[in-house]
Amino acid sequence: VDGDLDLRDVKRMNFSPSEQAIYSLQVGDVLVTEGSGSRETVGTSAVWRGEVPGTVCFQNTLLRLRPRDGLSDGRYLGWWMRHAHAAGMVAKETRGANIQHLGAESLRGMESDFPGLTTQRQIADFLDDQVSRIEEAVRLRYEQIDLLDDRLNSALELLLVTPYADTQPLARLADPMRPIQYGIVLPGPDVEGGVPIIKGGDVAAGRMRSDLLKRTAHEIDNQYARSRVIGGDLVIAIRGSVGEIGLVPDELGGANLTQDSARIAPLGCDNEWLHANLETPTVQGRISRMVTGATVKGINISDLRRIEIPTPSSVSEQRALGREASRLKSDAQEVRALLKESNALFQERKRSLITAAVTGEFDVTTASGRGI
């Protein structure tokens with residue numbers, strides 16, 4: 001993440017004394033990401049503050065900026081680098097096709113009119129304080145989102161699970177003519193004008209829209225007619241993000257699935273109720289206990305079909321519960337969207353503040369240190 005170092009898994013390598021002299025880090029050095037699959041993420045940076053004791057060296061996946069004694073302050077250099085990245089200055093210097101690279105010479109050639117050392121330190125002090133306040137506000141918003149999700153899960157549990165001791169295996173709640181089924185094993189390349197396909201990752205990312213899905217050839221789709229979906233079906237991720245559930249909109253009627261997603265076609269039950277029930281902590285826990293695999297985790301269709309679902313005796317009661325569950329989820333989603341919008345504004349405020357301070361748009365010596 002730009003501005004931070006993830007030091008949870010620091011590796012060890014053999015560096016000769018001469019290599020240590022070249023590649024060892026000093027407090028105040030700025031480490032810059034040299035390569036990435038995305039032009040936008042090349043050039044993310046962080047200041048080395050001696051977080052790991054002893055001699056620490058860097059690899060060739062990073063570039064190092066070292067402040068010159070008496071001319072530049074490492075903290076200011078770090079803030080300038082974050083400004084250069086956010087302003088697109090770094091992106092203009094990257095090269096490459098699949099992997100974008102920022103060369104050391106390109107980084108050296110980037111121009112900036114640095115103020116005097118005293119002013120650099122004043123700017124760094126100001127940004128250290130103000131940005132830490134913003135990042136704390138962002139952290140608290142994410143904490144609120146987590147609490148909101150916990151509250152929603154508890155409400156759904158009390159509504160849909162706690163009152164109902166009787167259960168039904170999931171297969172009995174699905175249309176036997178359209179049983180729980182995964183989709184196309186090899187969908188091939190994305191085909192313009194082809195049939196939309198829903199992957200497990202599409203469910204988790206909320207991409208179940210015609211304009212966001214990849215498409216397979218009609219010839220391939222015809223071989224897997226058994227796994228086509230219609231509006232009102234449920235799709236569950238069975239590989240990777242196992243247990244993520246999505247409701248198929250009418251616009252995706254006739255779409256197909258891949259092998260990492262499965263269709264659940266509700267029959268004799270309310271689909272909103274079943275959707276919410278599958279998302280409760282109790283049912284998600286039952287799904288998790290069926291997951292197998294090390295590198296790629298997944299659940300077998302036979303195991304998914306026998307997941308027990310707490311079930312009211314009447315469909316009319318299910319409908320009432322489904323409507324109430326949908327209301328709870330909609331209310332939570334509205335609050336979640338507001339919190340995320342607030343965080344987006346905080347992030348924009350942070351970028352603007354860094355740019356204004358580094359470029360001299362305002363004088364930090366006269367700026368208020370109160371608030372964000």
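Two strands count as paired here if DSSP finds at least two bridges between them. With that in hand, let us look at this predicted model.

## Strand E13 and its partners

Now to strand E13 (residues 261–264), which has pairing partners in E7 and E10. Strand E7 (residues 181–182) pairs with E13 in the antiparallel sense over two bridges, and the bridge partner of Tyr 182 in E13 is Ala 262. Strand E10 (residues 234–237) also runs antiparallel to E13, joined by four bridges. In that pairing, Val 235 stands opposite Arg 263 of E13.

Which residues of E13 lie on each side? Ser 261 and Arg 263 are on one side, with Ala 262 and Ile 264 on the other. In a regular strand the side chains alternate between the two faces of the sheet. Both faces of E13 are covered, and these four residues are all buried.

In soluble globular proteins, nonpolar side chains tend to be buried together. The largest nonpolar core in this model has 34 residues, and Leu 160, Leu 274, Leu 278, Leu 304 and Ile 309 touch the most other members. At least two core residues come from each of helix H4 (117–160), E10, E13, helix H7 (271–278), helix H8 (281–289), helix H9 (301–305) and helix H10 (315–359). Which element supplies the largest share of this core? That is H4, with five residues.

Leaving aside neighbours within four places in sequence, Ile 309 is in contact with Asp 166, Thr 167, Gln 168, Leu 170, Leu 173, Trp 273, Leu 274, Asn 277, Leu 278, Val 283 and Arg 286. Of these contacts, Leu 274 and Leu 278 were also named among the core members that touch the most others.

There is also a second, separate core of 30 residues, which includes Val 42, Trp 80, Leu 107 and Ile 123.

Definitions and conventions. Residues are numbered from 1 along each chain as its sequence is written. This is a predicted model: local features need pLDDT of at least 70, side-chain atom pairs count only at pLDDT 80 or more; totals for chains, interfaces and linings use all residues. Side-chain values use heavy atoms; hydrogens and water are left out. Buried means under 20% relative accessible area, exposed over 50%, partly exposed in between (1.4 Å probe, protein chains only). A nonpolar core is a set of buried Ala, Val, Leu, Ile, Met, Phe, Trp, Tyr and Cys residues joined through side-chain atoms within 4.5 Å. Contact means heavy atoms within 4.5 Å.
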